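I opened this model today to look up confidence, the sheet, the core and the charged pairs. My notes follow in the order I checked things.

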Amino acid sequence: MAIPVKRYKRHKIFSDPTSPVLNYLKPVPGHSRTHTIEDAAREIETTGAMSVEDVVHVMKSFVRRLRIILTQGDKIKIDGLGTFHVTFNCDGTENEKDCTVRNIRKVNVRFMVDNSLRLVNDSIASTRGGDNNVTFYIKGDTESLNDNTNTNPGDDNGDGDQGSGNGGGGNGGGFIDPAA
C-alpha cells in the first residue's frame, strides 16, 4: 500500500521572508492509523500458535522489562528491531561543585533501528519491490505555508483531489495547523 503525500511551498529559512521559496512534501493528514498491542496480537494469532491474550501478555511484559533495563542505564538490543538506550540533557556550570544530577533537565529514550528493518523509498531503491521498500504517491494541490495561499489552483496529479492544510516539512520544522 502506498503512502499519500502532498506538495507545499515554504521559504527555505522558515523565519526569513526574503529566503527563496522551495517545494517540499509532507504526509497527507488523516491517512495514518495508530495500531495497539491488541491489534498486533490479533494479527499474530492468525499466523502463530499463541492466543491474543498470550501475545498481549508477552508484549506488556516486554515493555515492563524494557523500562527496568533502561532505568538501570543499560541498552537493550532486539534482533530485527533495533536498540533502545537512554540519553539526557544537562545544564553546564562554571564550578565543579555546582554540577550535580539536579542539572539533568530531560531524560530521553532513544531508538536505533536495526538494518533489517530500515525502510527505503521504493522510487529510488536499487531493488524494486523489496520487503522494506515504501511506496509514496502525491495527492492534492501545491500550497504555500508562509502566506497560506494556493499557488497552484489546478490539480497537480490528475486524481481530482484538492488538498489543504499546513504542516512540517522535509528538512525540519514548520507550523502544523491542528485543524488540517
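**Confidence**

I started with the scores, since this is a predicted model. The chain averages a pLDDT of 79, and 77% of the residues score at least 70. Helix 2 (residues 52–71) has the highest confidence, at a mean of 95. Strand 9 (residues 143–144) has the lowest, at 56. I flagged residues 147–180, where the pLDDT is below 50. Beyond near neighbours in sequence, that stretch still has 79 contacts in the model.

Next I traced an open sheet of three strands, in the order 3-4-5, with antiparallel pairing. Strand 3 (76–78) and strand 5 (104–113) are the edges, each pairing on one side only. Strand 3 is joined to strand 4 (residues 82–90) by three bridges. Across that pairing, I found Lys77 opposite Thr83.

**Core**

I looked up the largest nonpolar core. It has five residues: Leu66, Ile69, Leu70, Ile76 and Phe84. Helix 2 supplies the largest share, three residues. I then listed what Leu70 touches, leaving out residues up to four places away in sequence: Phe84, His85, Val86 and Val109.

I also checked Tyr8, in strand 1 (residues 3–11). Is Tyr8 buried or exposed? Its relative accessibility is 0%, so I put Tyr8 down as buried. Tyr24 is 16 residues away from Tyr8 in sequence, but the C-alpha atoms are 5.5 Å apart.

**Charged pairs**

I counted four salt bridges in the structure. Lys77, Asp79 and Asp114 form a network of them. Within it, Lys77 and Asp79 have their closest N and O atoms 3.7 Å apart. Both of these residues are exposed. The Lys77 to Asp114 bridge is 3.9 Å, N to O. Lys77 is in strand 3 and Asp114 in the loop between strand 5 and strand 6 (120–121), so this pair ties together parts 37 residues apart in sequence. Lys77 has 53% relative accessibility and counts as exposed. Asp114 has 18% and counts as buried, because the cut-off for buried is under 20%.

Last, I looked at Arg105 and Asp91, a salt bridge with N and O atoms 2.6 Å apart at the closest. Arg105 is in strand 5 and Asp91 in the loop between strand 4 and strand 5, 14 residues apart. I recorded Arg105 as exposed, at 55%. Asp91 is partly exposed, at 36%.

Key:
Residues numbered from 1 in each chain as written. Predicted model: local features only at pLDDT ≥ 70, side-chain atom pairs only at ≥ 80, totals over all residues. Heavy atoms only, no water. pLDDT = per-residue confidence, 0-100. Helix = DSSP H or I, 4+ residues; strand = E, 2+ residues; numbered from the N terminus. Contact = heavy atoms within 4.5 Å. Buried < 20%, exposed > 50% of the residue type's maximum accessible area, 1.4 Å probe, protein only. Core = buried A, V, L, I, M, F, W, Y, C linked by side-chain atoms within 4.5 Å. Pairing = 2+ DSSP bridges. Salt bridge = Lys/Arg side-chain N within 4 Å of Asp/Glu carboxyl O.
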